[in-house]
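This report describes one protein model for a reader who meets it for the first time. Please consult the sequence and the structure shown here while reading.

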Amino acid sequence: MSIWLLLLQIWRADAAFDLITGLSRPKGLALDTLAGRIYWAEDGIMKLRSAKLDGSDIQDVIVKELVLEAPYGVAVASTLEKVYWTSQCCGVLRSNFDGSDQELIASSKYAGGIALDEESEAVYWTDWMQGRLLQANMSGSEAELLLAGLASPVDLAIDLGFDMIYYSDIGLGRVERANFQGKAVQALNMSWAKTQTYGVAIDSRARKIYLSDYEHEGDDYVGRIVRTNLDGSESEVIVSEPSMSMPFGVALDSEAGIVYWTDHKAGKILRLALRCANGTIAVAAGSNSSQVQVQHEAAEHGSSIIATCPEGYNGTLVLACNNGEFSVSSGICGERCPVGSVVQSLDMGQPSVLNHSMDDGEVLPVQCPGGLVGTSELLCSAGKVWLKSDACREARPCQAGSLLMGDALVSHSSLPNGLVEASACPQGFQGQYSLFCKDGEILSLHNGTCQATCEAGSFWVDGGAVEVLHGSIIEGSSLRVVCPAGSAGDGVYLSCSGGLLNITRQLCRRTSTDCKAGSIIEGSASVLTETLDDKKQISQLCPDGYTGSLNITCNLGVARLTGSCHPGCAAGVAQDSLAVNLRHPAGSHGELVFAECPEGYTGNMAFKCQDGNLSLACDKSCACAVEENHVLEELPLVALAATATASLLLLVFGVGLFRHRLAKRRAMAEAVAAIVGDMTSVSPSPGHCLPKEVRSSSDLSSSSRAKTAEGLVDRPIGLPLYWATTEGMEIFPDPNRISEVQQLMTDTWRACYTRDRRLVAGTERVPTGCRVVNVLRVENHRAYACYSNYKNSVAREHGPCKPFPTQTSNRINLLDDSINERYLFHGTNPEAAHEIARDFFHIDRAGSSAGCMFGRGIYLAENASKSDEYAKEGAGVYVGLCAMLLCRGVLGEVLTVSSSGDMEAEALAGPYDCVCGDRLAAAGTYREMVFFKEEAVYPEFIVIYAQVFE
């Protein structure tokens, strides 16, 4: 027997949910209920293992030596006696239950969760990196795409009863479902979910779905197992233990009513019995040491039921069902005292006989005899009756005094015990009351009370325009007063409370209310009105420049509008579908406006005016036609310009082989601009980037035409040639970059300890290197346009700049040396890296992680090991992985300092574009580059990597 097996058998815990502990990062799991075994993938030791459902007889199915990469998801085909699993490097594999006859079923990278449909002989799995669901034959076939366009699906389960597939997508933070054809996609109600939802299991008969989720809480994770309806509604947390950190895979034995799950971080497999069976439970009988058997019904885990104590006992029990077992939550079964029980006197006097039964623990008051007051108390305990107390005495009289009767404080004389005194309420109050003396205490009989009254008077309504008179009102009553002369309405409703008059509703209005002349705003139009009598209505046209009419009604001094005014379109310039400018006249809302094509073009264009905005009135492509003679005259000049351009570019390229690379590029750009003439770029000033939805004249002129198989395609000048898009924002996996980025990070890695390694990373342990897992290319055209404009402005104002070499010089791609353009590193976590790539760096957030040693700016480093100090592990599929941004940065003229201090003002005021914090010269550690303008940096690559320690 292996050492691992011995240790696992020793470490099996007896906790409420623990089944197997001491595992190394378990992930997916599956059940073979026919054979009574559980299978799981153990990522930390790259094994596929199995055990009996009680956690015993742990066996290795597939070991590290037999796999290229650790198993991820697991599924069992009981009828075939096969176990299936996924591997992120290879795809879907299977073997016999003992690990023999291993074979590859379907090739697929980044394979995650897996599920089987044995009846249809189909296997389904997730591709978490490329956001896809795939399928293949269980005996082996090519992978077929079922559903694409997802973010990061990590697990899935199938509902054979309704041919639906459910999958958790941590990239979108939700669970979705689709049919077996990948159609009818629907998101579940996930309002209850935490940050990360992973494992999925389906109970087809009960129409329930079981999910695992977790979230960060401080420096740790807190996880749960949640059960909902198949649409995500009626969620209930069935397990939420302090010891649960990162629940991952989920499997369900619906017949036995047991759910199993793995805890990836805690290294456990846990289980929970979902039902407690009916039967009996032994409980203590009151204060006796004996026990009584109590029958109970079945219950669901986490619920409670009420069980009635057996005959001869009183009371009920609240039984709580937890992991298949009942426990007494509250209540007790006490032995009754039957009729005829002898009262045990505390003073051992003459015993008496009980004339009715008592419950255990019940205290029975007994009235004192004769003219005495008070009670004696009898106690039933463990089937015997005891005299608990004897408090009989003479009754006391009531002293003179006062008490509150409703709203009035009334006085009374001294009264003997048992006497009743009747009185009328004092002046200002209405009602009568009766007082009764009982053993020294004055009591009120027959619900007597004294109510205050509200005196007669008057008040004003309708903004002080109408005076209303009223008479006195009894406390607690209400009154309706009719509207006085000169007003109209349903009247005024009054109530009296605590002697104060309240107006609950007033409907009296002056009958001579009119509307004064003035202006009324309707949309963007100001409409003038004349003086109107109340209830009068007039119609009025909208003012000049607007179309429509309004109905104006005067109602109690308020002018109310119906109808609308639509603004027209002023004369100006509009564009056809090919961006040709056409001058057009003014037009009214809803009308067609015709514009004549400019010189060099033929035809007229029709535009529609809608609420002040012009749009093309044709359904298909609308454009002015170029005059044929004009094209023929221009063609020789275009050909000559193209020939001259090509010759000059070749000449400049040959000379540039012996000169500085970037000087060559500027010469080429200037030559092209001088010959072509119409490609002059009007760039925004540095720091002012155009919104992505606005296309300026510079956007229209700064594009080059490239011949492709499909025809002529516009490609903006200045974009990297390896970019796949020409607009918008996309992030692409770039596997061809992995080797050269790995080499760059290795070459710039120094195992050097700094204070930030402890203050930011929270450790003094320094990685000796890194292993690059993936490289993602960021094509953010809006951010790159801002960066390009900034480059041009630095080149115009400071170029050529004093050379500033870095350890990343001349690596990855050719950059502009004349302005010290360099690739530099920025450490972060995977989630934040995607956030920065999709937006921008924000200087207003500078220092939120590691402070600002040289001022508030964007901090980049030439050494990957320096940026690694600020990198953090991600969550979900990024557990154990860090992220680093490989950014383009324009250093320009560099101000080098070796001591800390805010350098922003000095750098911006002087002829500098960035600051180099040279701690390499001062302390032998690293150099950092600090940029004080957001557009000076463009994050082009996201590097996902793992730290390597000796």
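## A pair of strands

Strand β19, residues 208-217, pairs with strand β20, residues 220-229, in the antiparallel sense over ten bridges. Strands are DSSP runs of E with at least two residues, numbered from the N terminus, as are helices (H or I, at least four residues); two strands count as paired if DSSP finds at least two bridges between them. Within this pairing, L211 stands opposite V226 in β20.

The model is predicted: local features need pLDDT of at least 70, side-chain atom pairs count only at pLDDT 80 or more, and totals for chains, interfaces and linings use all residues. Residues are numbered from 1 along each chain as its sequence is written, and side-chain values use heavy atoms, with hydrogens and water left out.

## The surrounding sheet

An open sheet is formed by four strands in the order β18-β19-β20-β21, with antiparallel pairing. Because β18 (196-203) and β21 (236-239) stand at the edges with a single partner strand each, one side of each is left without a neighbour in the sheet. From one strand to the next, the twist averages 30 degrees; axes are lines fitted to C-alpha atoms, for helices over the stretch in contact, and angles run from 0 to 180 degrees between N-to-C directions.

## Salt bridges

The structure holds 30 salt bridges, each defined as a side-chain nitrogen of Lys or Arg within 4 Å of a carboxyl oxygen of Asp or Glu. One of them joins R224 and D213, whose closest N and O atoms are 2.9 Å apart. This pair links R224 in strand β20 to D213 in strand β19, eleven residues apart. Both R224 and D213 are buried, a term for under 20% relative accessible area, with exposed meaning over 50% and partly exposed in between (1.4 Å probe, protein chains only).

R132 forms a salt bridge with D127, with 3.0 Å between the closest N and O atoms. R132 is partly exposed at 22% relative accessibility, whereas D127 is buried at 0%. A further salt bridge brings together the side chains of R737 and D734 (3.5 Å, N to O), and both residues are buried. A network of salt bridges links D734, R737, E740, R777 and E779.

## The chain as a whole

The secondary structure of the protein chain comprises eleven helices and 79 strands. Of its 950 residues, 44% count as buried. The chain exposes about 47700 Å², of which carbon and sulfur atoms supply 50%; accessible areas come from the Shrake-Rupley method with a 1.4 Å probe, and for residues only the protein chains shown count as cover.
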